[in-house]
Amino acid sequence: MAYAYIYKGVTYTTEAEAQDAAAQEKVLLENNPNNWIGVKEITSSDETGWVIHPTLLTDEQINNIDSTKTYLAYSVAGNDNVFPLTAAEVSEKSLEFRTHYAYNSNVNTILKIELDADDASRWKPVSTITATADLSSYLP
Amino acid sequence: MATVTVGHNGSRSGVSKTASDFESEFGTAYFDADGSNNLKISGTVHMDNSGTMFFKAGNGDAVLGSAFYANLVPSGALVNGQSNAKQITASTYISSGQTLTISEDFYVWSDSISTPALVIDIACTIVNNGYIMGQGGVGASQGSPQSGGPAIKINSGVTGVTIQNNSGAYIAGGGGGGNAGGWAGSGGGAGGAAGGGPNGSGAGTGGAGGTLNATGSNGGYGASGQGGFGGGAGGGGGSYDASGPGTYGGGGGGGGRILPGTGGSGGGPSPYGYAGGPGGSAGNAGSGGSAPGGGGWGAAGGGGSYAGGKAIDDSGVSYTLTNNGTIYGAT
């Protein structure tokens, strides 16, 4: 009977590998907001319509966002799309959208599965395992 | 500037009226053909009584405003009683610099994740009072799961585009399909996507995606699990019971095409089973379970990896956006 472990939709051969992936995910959740939020600079006004500039801000630009500009932000996992936003509001949205992402991806859970003996692409769930790295604070 | 209004709830055939006739009856027509103030259409004119119109000219052409020709209308067939146009391109209706208005309760939609509901290929203004919706991604176990499709795409290099989304209107990318659910099927994303149906003896079939303004179908019962429920937005995932008599669980519920819509519930657990994840409501993401649910409008399917479709794919160009309605998905 063969088992495997799924974390964030990726299948790992051993639980240790899945736990490593969860630990790396925690680093990502602290540093790489483009995984859960898209941010673009916008100009003009409500009266004339907002000009949406096409370039997405980088992780570094979001983490050190320019407070003199106005922005549009959308959630990568959820559907929210909001504008105009100040820099402070973008930072608030980033935390909110990170929760969407973490929930959608079940970041604190590893699924142990039993593989079909004849077709390894088929499996059934056996049990859920909580990630050793504490990711619960990112969840709702 | 000429303005074309797309929308209808009824139809009349063989109509030939002057622009002033339309104006007095419907309050929206300001069309001037050949300088004679006549609007001549050989074919069918579809219209409602609230001032919105949708023309299907027999020869495919019409004259509007300043010697402006347009193919006015694609097929006028109603879908589930809804006025609609599928996978349209702005230049079919208007020329550069002009305005295409989509009427209240009118659906512009797609049934392909790779084809936007509306392609903007010229500099123009889009005024949306209705629904512009992308196709949802299918749930896992029925082929590969898919990401949702875009509602609007501005073609690369096209500048001078303005999109005005008015109060009560929606621009919504399709929901992503639920990720792999093992021996149960995952939910389809909002936007008419089918739920997954495990391929094997005793497996529950995936629910079909919903048509316009309708929920998706429920997934079928498998030998060892209940199907997920169809949603007005994302479909629910099927359940799987490891102690059940068969190998396979329930099929995923189909995603619907209701805006904003409610996600379908996941298949229920038996004492030793795993419940399916619910589909995303409105724009919420689906969640995990025995099989994840499909994403709501513009949102990812459960289990990650399969994103919602963009509301507006800008292809790397700037454009102007005013939103007093609802936008689901990235722009």
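In H3(A), the buried residues are Val90(A), Lys93(A), Phe97(A), Arg98(A), His100(A), Tyr101(A), Ala102(A), Tyr103(A), Asn104(A) and Ser105(A). Buried means 20 or more other C-beta atoms within 10 Å of a residue's own; exposed means 12 or fewer, and partly exposed lies in between, with C-beta atoms placed from the backbone. This is a predicted model: local features need pLDDT of at least 70, side-chain atom pairs count only at pLDDT 80 or more, and totals for chains, interfaces and linings use all residues. Residues are numbered from 1 along each chain as its sequence is written, while chains are lettered from A and ligands numbered from 1 in the order in which they are written.

H3(A) covers residues 87-105. Helices (H or I, at least four residues) and strands (E, at least two) are DSSP runs, numbered from the N terminus. The 19 residues of H3(A) reach 27 Å from first C-alpha to last, close to the expected 27 Å. That expectation is 1.5 Å times one less than the number of residues. The buried residues of H3(A) pack against H1, S3, S5 and S6 of chain A. Just after H3(A), Asn106(A) has a positive phi of about 50°.

Chain B has one helix and 23 strands. Of its 331 residues, 66% are buried.

Now the contact between the chains. It takes 38 residues from chain B and 27 from chain A; two residues are in contact if their C-beta atoms, placed from the backbone, lie within 7 Å. S22(B) gives the largest share of chain B's side, four residues. S22(B) also pairs with S4 of chain A, antiparallel, over three bridges; pairing requires at least two DSSP bridges. There, Thr320(B) is the bridge partner of Val51(A).
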